[in-house]
Amino acid sequence: MEELPKSEILLIDKPAGVSSFGVVARVRRKLSEEAGYVEVRGKDGVVRQKRRKVKVGHTGTLDPFATGLLILLVGKETKRANEFLKLDKEYIATLRLGEISTTGDPEGERMVVFSGEDSTESGFCFDDGLEAGLNNPRFYGKIPERIAQEKPNKEAVEKCVESLVGENWQTVPAFSAVKIDGKRAYKLAREGKMVEMPRRKIKIYEIEVLEYEWPELTIRCRVSSGTYIRALGEDIGKMLGTGAYLTALRRTQVGVYRVEEAEKIE
């Protein structure tokens, strides 16, 4: 896929706390201001000044808590958004082991699964937190079937992470924009409705441990389009028997485009 002229593509380094749509709105407003005005004759015959409209669209969302590369297309090039959606991507993600989140990220309801201390005979190492989670349908599928007996060492973490390289089936997170029977999955999840989420085949090309000091784990991964890093983090937590959710996520590359080339939203 050839690179587009700089006038038709904008690389933005999205900050945390703003949605992808929010970035698009700000850029569209700025470009419209720069485009100036055009005269438009109304039905009443009066000619008025109207701000020129500039079409802007993104090529794949980033969650509000996430940062990094957001590619925007301008004008007629917005029609090519699907081409960018299919590109491979690279991320740096930080996980908190020992806890789970209803959304897989800091925005959800969180619960301790494993404190890092020796477990009790029941297999769990905390009091009533897990019991509450087991009775909360929003945590279904997030609690590991096997709870760790001790904190995983770096060797165990690296072995777990490396085993994920290759093709895998991934269940789409309930808190996602995927449509289920015509309605966004995250809206159904917020309503407390349990639905069967689709499974997709994904590919992990590379994944490595950048830093690990319990309970924080930072990884870098290069993955195929359609891979949910929140779900990947939860899978790592399940495999380690500790549970996990993402505390930070940064997209560093999409296809040939890197975040180092991007501009700050300011």
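Q: Which residues is Glu-234 in contact with, once its neighbours within four places in sequence are left aside?
A: Glu-234 is in contact with Ser-101, Gly-104, Lys-142 and Ala-244. Contact means heavy atoms within 4.5 Å. Glu-234 itself has its place in helix α6.

Q: What kind of model is this, and which pLDDT do local features need?
A: This is a predicted model, in which local features need pLDDT of at least 70 and side-chain atom pairs count only at pLDDT 80 or more, while totals for chains, interfaces and linings use all residues. Residues are numbered from 1 along each chain as its sequence is written, and side-chain values use heavy atoms, with hydrogens and water left out.

Q: What is the mean pLDDT of the protein?
A: The mean is 84, and 81% of the residues reach 70 or more. Here pLDDT is the predictor's confidence in each residue, from 0 to 100.

Q: Why is Glu-234 called buried?
A: Buried means under 20% relative accessible area, exposed means over 50%, and partly exposed lies in between (1.4 Å probe, protein chains only). The relative accessible area of Glu-234 is 12%, so Glu-234 is buried.

Q: How many disulfides does the structure hold?
A: The structure holds zero. To count as a disulfide, a pair of cysteine sulfur atoms must lie within 2.5 Å. In general, a disulfide is a covalent bond between the sulfur atoms of two cysteines.

Q: How many aromatic pairs does a search of the whole structure find?
A: The search finds two aromatic pairs. One of them is formed by Phe-114 and Trp-214.

Q: What makes the pair of Phe-114 and Trp-214 edge-to-face?
A: Rings of Phe, Tyr and Trp (its six-membered ring) pair if their centres lie within 6.5 Å; planes under 30 degrees apart count as stacked, over 60 as edge-to-face and the rest as tilted. The ring centres of Phe-114 and Trp-214 are 5.7 Å apart and their planes are at 80°, so this pair is edge-to-face.

Q: Why does the pair of Phe-114 and Trp-214 tie together parts that are 100 residues apart in sequence?
A: Phe-114 lies in the loop between β8 (110-112) and α3 (129-134), while Trp-214 lies in the loop between β12 (199-213) and β13 (216-223), so the pair links parts 100 residues apart in sequence. Helices (H or I, at least four residues) and strands (E, at least two) are DSSP runs, numbered from the N terminus. Phe-114 also counts as buried, at 1% relative accessibility.

Q: Which form, cis or trans, does the peptide bond from Trp-214 to Pro-215 take?
A: This bond is cis, with omega near 5°. Most peptide bonds are trans. Pro-215 lies in the loop between β12 and β13.

Q: How do you know that β12 and β13 pair?
A: Two strands pair if DSSP finds at least two bridges between them. β12 and β13 have eight bridges, in the antiparallel sense. A hairpin of two residues joins these strands. Strand β6 (residues 89-97) is also joined to β13 by eight bridges, and they run antiparallel. Val-223 in β13 is the bridge partner of Lys-89 and also of Ile-204.

Q: What makes β13 mostly covered?
A: Six of the eight residues in β13 are buried.

Q: Why does Ser-224 count as buried?
A: Its relative accessibility is 11%, so Ser-224 counts as buried. Ser-224 is found in the loop between β13 and α6 (229-240). Beyond four places in sequence, Ser-224 is in contact with Asp-88, Ile-202, Lys-203 and Tyr-205.

Q: Why does Gly-57 count as buried?
A: At 17% relative accessibility, Gly-57 counts as buried. Gly-57 lies in strand β4 (residues 56-58). Not counting residues up to four places away, Gly-57 touches Val-24, Ile-71, Leu-72, Leu-73 and Thr-78.
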